[in-house]
Amino acid sequence: MAGRSQKEILKKQVEIRSKLWPELDPRMLWSIDSDGWSAVPRLMPLMMSIMDDLSGKGYPVSRTYLELWVRLREERFLTLNRPEEMAFHAGFEGQRALRTWKDRVQRLANLGFIDLKPGPLGDLSYAVFFNPYHVVKRAYLDGNVQERKWQALVVRANEVRSFDLDELDDEGNLVLEEEEEAAKPAVKPKTKRRPRTSRSTKAS
């Protein structure tokens, strides 16, 4: 049912688009079906705004984070073996480009969005990416996230059915799996129906 519903929504959206832009050639659009795409969470823009707030005025980290994110695969681990390229793609140019990029990467680590390990490229050789929902919730519990942005995050996350915020308790600790199971509404088990037995016929 859910898949069918999504297809119906897509069909309606395409129909509306065709009415608004009847001369539009679909090949002019940037299709998700083409190569070169990366999955980006629906709340990434708001997450990026909160990241910049946490980093402090004059030290935005969101572009650096996004540039690294789109290089990730499912393992959420990245080898930082092309720092000059990564710095340029994040928007840093000039003699201080690499230094500025390294500063932003380190700030992301200090804020808890990533963790770094040393290697052949120095202290910033490898990075693992943590769930940003968890990082933001801990920052909120510490009083470091604007209330209006936190409320917007909570509401939008619920709208897109992303319940990552519920994975931490009110102290910022991961909820144990047993507690997660206990928090789920109890489902009444279905009782098996007894097979009907044919009524015995009276002996003639």
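**Helices, loops and overall architecture**

User: How many residues does helix H2 have, and what distance does it reach from its first C-alpha to its last?
Analyst: The model is a predicted one. Helix H2 spans residues 44–55, which is twelve residues. At 1.5 Å a residue the expected reach is 16 Å, and the reach from first to last C-alpha is close to this, at 16 Å.

User: Within what arc do the buried residues of H2 fall, seen down its axis?
Analyst: The buried residues of H2 are Met44, Met47, Met48, Ile50, Met51, Leu54 and Ser55. They line one face of the helix, because seen down the axis of H2 they fall within an arc of 165 degrees.

User: Which helices are included in what covers the buried residues of H2?
Analyst: Buried here means under 20% relative accessible area. The cover over the buried residues of H2 includes helix H3 (62–69), helix H5 (97–111), helix H6 (132–141) and helix H7 (147–159).

User: Which residue just after H2 takes a positive phi?
Analyst: The phi in question is about 105 degrees, and the residue that takes it just after H2 is glycine 56.

User: Is arginine 161 buried or exposed, and at what relative accessible area?
Analyst: Arginine 161 is placed in the loop between H7 and helix H8 (177–183). Its phi is positive, about 60 degrees, although it is not a glycine. Most residues other than glycine have a negative phi. Arginine 161 is exposed, with a relative accessible area of 64%.

User: At what relative accessibility does arginine 76 count as partly exposed?
Analyst: Arginine 76 lies in the loop between H3 and strand S1 (77–79). Its phi is also positive, near 55 degrees, in a residue other than glycine. Arginine 76 counts as partly exposed because its relative accessibility is 24%.

User: Which residues does arginine 104 touch, not counting those up to four places away in sequence?
Analyst: Arginine 104 lies in helix H5. It counts as buried because its relative accessibility is 9%. Beyond four places in sequence, arginine 104 touches Gly58, Tyr59, Pro60, Val61, Thr64 and Phe92.

User: Which residues make the nonpolar surface patch of about 360 Å²?
Analyst: Tryptophan 21 lies in the loop between helix H1 (2–20) and H2. Tryptophan 21 counts as exposed because its relative accessibility is 53%. The nonpolar surface patch is made by Ile16, Leu20 and Trp21.

User: In what order do the elements of the protein chain run from the N terminus on?
Analyst: The protein chain contains eight helices and three strands. From the N terminus on, their order is α-α-α-β-α-α-β-β-α-α-α.

User: What share of the accessible surface of the protein chain belongs to carbon and sulfur atoms?
Analyst: Of the 204 residues of the protein chain, 26% count as buried. The accessible surface of the protein chain comes to about 16100 Å², and the share belonging to carbon and sulfur atoms is 52%.

Note on methods: Residues numbered from 1 in each chain as written. Predicted model: local features only at pLDDT ≥ 70, side-chain atom pairs only at ≥ 80, totals over all residues. Heavy atoms only, no water. Helix = DSSP H or I, 4+ residues; strand = E, 2+ residues; numbered from the N terminus. Expected span 1.5 Å × (residues − 1). Buried < 20%, exposed > 50% of the residue type's maximum accessible area, 1.4 Å probe, protein only. Arc of directions from axis to C-beta. Contact = heavy atoms within 4.5 Å. Patch = residues over 30% accessible without salt bridge, like charges linked within 9 Å, V, L, I, M, F, W, Y side chains within 5 Å. Areas by Shrake-Rupley, 256 points an atom, 1.4 Å probe, with all protein chains shown as cover. Salt bridge = Lys/Arg side-chain N within 4 Å of Asp/Glu carboxyl O.
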